[in-house]
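Thanks for coming. I will go through the two chains one at a time and then the place where they meet. Please have a look at the model first.

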Amino acid sequence: MRNLWIFISRYNAFFLFIIFFIVGIYLTVKNNSYQRSVTLNSSNEVVGTAYERLNVFKRYLNLGMVNDSLAAENAKLKSQLLGLTTVDTTKDVKVVDTVTNQQYTYLAAKVVKNSITLRNNVMTINKGTVDGIKSGMAVIAPQRGVVGFIRDVSAHLATIQSLLHKDTKISVTLKKNNALGSLVWGDGNFDIKKAFVKEVPNHIKMYVGDTVVTSGYGSFPAGILVGKIIKPNVATNDNFLSGELNLFTDFSTLQYVYVVKDKKAEEQKALESLVKPNE
Amino acid sequence: MNSRIIIVNVIRWFLLLFVQIFLLKNMGFYDLSTPFIYVLFLLLLPFGIPNILLYLLAFGTGLTLDAFYDTMGVHATACVVLAFVRISFISISLNRDAIDDPEPSLSYMGFQWFSLYAFLCVVAHHLVLFFLETFRLTEIGYTLMRCGLSCIFTLLIILLVEFIFYRRTPR
């Protein structure tokens, strides 16, 4: 203790300097708003950065919990969305075709069962006779592409004979020159992205990338996009050409489809039935 | 003898602070060079002064200046640093027992010793003063330039004053 006291008194200049210097700095920072703000800001910066680092680490530890809550929220939102869409889709969407003065109405339906792996694929939708669906109506995909025809209808459900079926045949044209053809999935074809356009007249030139649309002669409205030619001018034994095309419809991810109601379908059928075959 | 030293120092204190506050406070070259002549009072305090008294005087002088400059604590801290440098320099450069001169002035100590002594003290004081005023290192170039130019100005005035009041004394 005595030695310590001797030590301090020998170097009293230094210790006094430390004391007075600290008092001076303290006064400076305490009484000058600028110096105080700088001190506070820089210390806040240091503290803030430290907290930020800590936070990043904490966030990582909490990821599992956050994921769970997000998943729960997602499920809740999805169920709400489902309720909303069912309300929404009970209404018919009217599309006025001003060119041919034909009136089509589209009815959205949810696909409840789908098959793509068989030779003859049939899917089921959640709309039936209650919603005004009749056999033979055209079905199209939400964004672009055709799906098929309504086959059988019950009160609340209907089956669709999809394009991926050996009996399905849709009247199509090449968009650039209106050359007629028939769209079929094709014998021996099991690729759900591919189909064939057949019975194209021999003098028509097809090119890769030509767009194929519906002709409007069947129950499909005219101009629905079907696909793009990838292999044109395949010669067949008859007097017609064939072409291979890539379908716009992705049957594997189909969730909703539109059933096309043609108001003049009955009238047309009745009129055409007057014409006897082989007259 | 003792009372004479006290009276001389008190008069010097009032005179230097008067000049500093009412004249030099309003001077300055482009906000770059500001003289702080009042440190001469601390430089010229007698050799025999106790350290604690020296620190108290330095701190008090600084606080007085701060009151007028509205920079509470800045000058006080700088003066404390100056006092420390003064004590250190004197204890290093002079033999403590052999000091028979009353005060470290130009008249007693000679030009060479006094100019080095004044230079070190003023540089330490100004460095602390300007860095406490700026309080950040981002403008270090500008601060150092202000500090250097102010040091030159202050030293010139200190040497000028010392030569004006130079008394030829037998050494």
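I start with strand S13 of chain A, residues 256-262. Of its 7 residues, 6 are buried, so S13(A) is largely enclosed by the rest of the structure. Buried here means that 20 or more other C-beta atoms lie within 10 Å of the residue's own; exposed means 12 or fewer, partly exposed is in between, and the C-beta atoms are placed from the backbone.

Before going on, a word on what you are looking at. This is a predicted model, in which local features need pLDDT of at least 70 and side-chain atom pairs count only at pLDDT 80 or more, while totals for chains, interfaces and linings use all residues. Residues are numbered from 1 along each chain as its sequence is written, and chains are lettered from A and ligands numbered from 1 in the order in which they are written.

Back to S13(A). Its antiparallel partner is strand S4 of chain A, residues 138-140, with 3 bridges between the two. Two strands count as paired if DSSP finds at least two bridges between them. Within S13(A), Val260(A) is the bridge partner of Ala138(A).

Next, the barrel in chain A. Which strands close it, and in what order? There are 6 of them, running S7-S8-S9-S12-S11-S10, and the pairing is antiparallel. On average, neighbouring strands of this sheet are turned by 40 degrees against each other, direction ignored. For angles in general, axes are lines fitted to C-alpha atoms, for helices over the stretch in contact, and the values run from 0 to 180 degrees between N-to-C directions. Val213(A) sits opposite Leu225(A) of S11(A).

Asn178(A) is not a glycine, yet its phi is positive, about 60 degrees. Asn178(A) lies in the loop between strand S7 (170-174) and strand S8 (180-184) of chain A. Is Asn178(A) buried or exposed? It is exposed, because 11 other C-beta atoms lie within 10 Å. Glu199(A), also a residue other than glycine, has a positive phi near 60 degrees. Glu199(A) is placed in strand S9 of chain A, residues 194-201. Glu199(A) counts as partly exposed because it has 17 C-beta neighbours inside 10 Å.

Now chain B. It has 7 helices and 0 strands. Of its 171 residues, 33% count as buried. Two residues are in contact if their C-beta atoms, placed from the backbone, lie within 7 Å. Among the contacts in chain B between residues at least 6 apart in sequence, 67% join residues at least 24 apart.

Helix H6 of chain B covers residues 111-134. Its 24 residues reach 33 Å from first C-alpha to last, close to the 34 Å expected at 1.5 Å a residue; the expected span is 1.5 Å times one less than the number of residues. The buried residues of H6(B) include Phe114(B), Tyr117(B), Cys121(B), His125(B) and His126(B). What do the buried residues of H6(B) pack against? In chain B, the partners are helices H2 (39-43), H4 (74-93), H5 (106-109) and H7 (140-164), and from chain A there is helix H2 (12-31). After H6(B) comes Phe135(B), with a positive phi near 60 degrees.

Ser105(B) is in the loop between H4 and H5 of chain B. It has 18 C-beta neighbours inside 10 Å and therefore counts as partly exposed. Leu44(B) is 61 residues away from Ser105(B) in sequence, but their C-alpha atoms are 5.9 Å apart. Leaving out residues up to four places away in sequence, Ser105(B) touches Leu44(B), Phe114(B) and Glu162(B).

Last, the contact between the chains. It takes 15 residues from chain A and 17 residues from chain B. On the chain A side, the elements that give two or more residues are H2 and helix H3 (33-61). H2(A) gives the most, with 11 residues.

Notes
Helix = DSSP H or I, 4+ residues; strand = E, 2+ residues; numbered from the N terminus.
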